[in-house]
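Work through the exercises below with the sequence and the 3D view open. Try each task before reading its solution.

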Amino acid sequence: MLKFLFLTLFFPALVLANFFEQPAEGTSVLDLSTRWKIEEREHEDNTRVIDEREYSFLLSRLAFKKTIVDSLSFGAAINYSLFGTHKKMFAEPSLLNTGEIDFYGLRSIELQSQYLSTDKNLALEIHLEGTLQRARERNASLGGFDGKLIFKYLHELGNFQIGGKLFSSVIGKKRVFRKDGEREIVDPYNQFGNELTLISHFSNWTISLSGHFLLATDYVVRSPSYTRSSDKGFGVGGKLNFAYSFNAKEISFWHERSNQVFNVITIDPSQQFEYEIEEQSTGLGFKWLY
């Protein structure tokens with residue numbers, strides 16, 4: 001605890017790059033970031049792609065976090081999408097129209113609380129994300145709410161650290177009103193996983209490399225026109241991050257990718273179906289401790 005307070009008082013820039021992303025008691029962090037994000041969703045069999053969606057957009061995020069009492073922090077964030085393009089492609093014959101839709105707007109809001117034990121390098125975080133805006137194809141709303149519980153731990157080896165996160169997520173029901181008037185629904189499902197991060201400090205520089213693995217329950221997309229039903233799935237992903245701290249400020253640059261695959265169990269073993277979700281983003285962030 002004394003070591004943590006010493007670093008906070010005399011080297012506030014180091015706190016910004018800490019694994020737990022939590023300021024010292026009585027201080028706050030303002031976090032502004034923007035990233036170019038691409039999401040691809042494909043439903044395919046063993047011969048063709050039946051349904052393909054691609055979302056590309058600039059995602060801007062403004063977040064605030066403050067530690068109130070005894071290592072207990074609270075935070076909030078707002079996410080806004082700009083220059084969004086949604087491409088839809090369907091195999092023939094299909095009642096759905098292939099096309100392209102531009103979108104922008106409020107994507108989601110976030111609420112977060114974390115308790116950090118500095119003596120044991122352990123933390124427990126509760127994270128909620130959702131939107132109050134009705135989700136349509138022409139705006140960026142997610143159309144539902146998600147919740148996540150995260151247990152964090154950290155091992156320190158001099159200038160080298162190994163951090164981990166055990167997480168359990170509830171992805172709530174998503175409702176999107178399509179341009180053709182139909183309502184598309186993604187049923188709720190769960191994710192359970194683990195993430196490991198390798199962190200190295202060089203003077204004012206911090207470099208981290210992380211990877212995760214998760215298991216997920218059934219993924220189902222449905223509307224009056226069709227149903228895309230799949231069974232349990234798994235996901236993998238990774239992130240490379242560079243951060244430079246100076247005068248209680250930090251600039252970071254990162255690239256991350258993730259992939260989830262949901263298989264469909266059929267009676268005929270020659271028929272193979274799967275639903276795949278791929279995401280990647282490249283971003284630039286700025287943090288200010290005050």
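The model is predicted, so local features need pLDDT of at least 70 and side-chain atom pairs count only at pLDDT 80 or more, while totals for chains, interfaces and linings use all residues. Residues are numbered from 1 along each chain as its sequence is written, and side-chain values use heavy atoms, with hydrogens and water left out.

**Exercise 1. Describe the surroundings of N79.**

Step 1. Find the element: N79 belongs to strand β3, residues 72–90. Strands (E, at least two residues) are DSSP runs, numbered from the N terminus.

Step 2. Decide on burial. Buried means under 20% relative accessible area, exposed over 50%, and partly exposed in between (1.4 Å probe, protein chains only). N79 has a relative accessibility of 4%, so N79 counts as buried.

Step 3. List the contacts, where contact means heavy atoms within 4.5 Å. Leaving out residues up to four places away in sequence, N79 touches residues including L59, R61, L106, S108 and E129.

Step 4. Look for a polar contact, which is a pair of N or O atoms within 3.5 Å; within protein, one must be able to donate a hydrogen and the other to accept it, and residues adjacent in sequence count only if both atoms are side-chain atoms. The side chains of N79 and E110 are joined by such a contact of 2.7 Å.

**Exercise 2. Trace the pairing of β1 with β2, and of β2 with β3.**

Step 1. Two strands pair if DSSP finds at least two bridges between them.

Step 2. β1 (residues 28–45) and β2 (residues 49–69) are antiparallel, with 17 bridges.

Step 3. L62 is opposite I78 in β3. The hairpin between β2 and β3 has two residues between the strands, and D70 in this hairpin takes a positive phi near 45°.

**Exercise 3. Classify the ring pairs F151–Y153 and W288–Y290.**

Step 1. Rings of Phe, Tyr and Trp (its six-membered ring) pair if their centres lie within 6.5 Å; planes under 30 degrees apart count as stacked, over 60 as edge-to-face and the rest as tilted. The whole structure holds 10 aromatic pairs.

Step 2. The ring centres of F151 and Y153 are 6.4 Å apart and their planes stand at 35°, so this pair is tilted.

Step 3. W288 and Y290 form a tilted pair, with 4.8 Å between centres and 35° between planes. W288 is partly exposed at 36%, and Y290 is partly exposed at 43%.

Step 4. Ring pairs also link Y189, Y219, F262 and Y275 into a cluster.

Conventions
Helix = DSSP H or I, 4+ residues; strand = E, 2+ residues; numbered from the N terminus.
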